[in-house]
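Visitor: Please pick one part of this structure and go through it closely. I would like one connected account, with the cut-offs given as the terms come up.

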Amino acid sequence: MGSELISSRDGLGQLVSIYSAQFRMEAVYAILILLAIVAVVLNQAMNFAERYLLRWQPPARR
């Protein structure tokens, strides 16, 4: 995923490349934090959907 983010032509990956080239590290960190928050929210949403859609199955042992 890292290479896809850096080699992108538009979007957040392109902003990371531009801001890092301009030494605007506060903007780079802000984008990385935003991506981390989005990842956590999506992960929680998928966990909720899995529990809801597969509620007839017993929980998996870890």
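**Helix α2 and what follows it**

Guide: In helix α2, which spans residues 12-21, the buried residues are G13, V16 and Y19. They lie on the same side of α2, because the arc they cover around the axis is only 130°, an arc being taken over the directions from the helix axis to the C-beta atoms. An α-helix has 3.6 residues a turn, so residues three or four places apart point the same way. Buried here means under 20% relative accessible area, exposed means over 50%, and partly exposed is in between, using a 1.4 Å probe and protein chains only. Helices are DSSP runs of H or I of at least four residues, strands are runs of E of at least two, and both are numbered from the N terminus.

This is a predicted model, in which local features need pLDDT of at least 70 and side-chain atom pairs count only at pLDDT 80 or more, while totals for chains, interfaces and linings use all residues. Residues are numbered from 1 along each chain as its sequence is written, and side-chain values use heavy atoms, with hydrogens and water left out.

A27, a residue of helix α3, is 11 residues from V16 in sequence, and the two C-alpha atoms are 7.8 Å apart. A27 counts as buried because its relative accessibility is 11%. In the chain as a whole, 11% of the 62 residues are buried.

Just after α2 comes F23, with a positive phi of about 60°. Most residues other than glycine have a negative phi. F23 sits in the loop between α2 and α3, the latter covering 25-53. F23 is exposed, because its relative accessible area is 71%.

Side chains of opposite charge can pair when their charged atoms come close. R24 is partly exposed at 35% relative accessible area, whereas E26 is exposed at 54%.

As for the setting, the chain has three helices and zero strands, in the order α-α-α. The predictor's confidence in each residue is pLDDT, on a scale from 0 to 100. The chain averages 88, and 89% of the residues score at least 70. Confidence is highest in α3, at a mean of 95, and lowest in helix α1 (residues 2-6), at 67. Where pLDDT is low, the predicted coordinates should not be read in detail.
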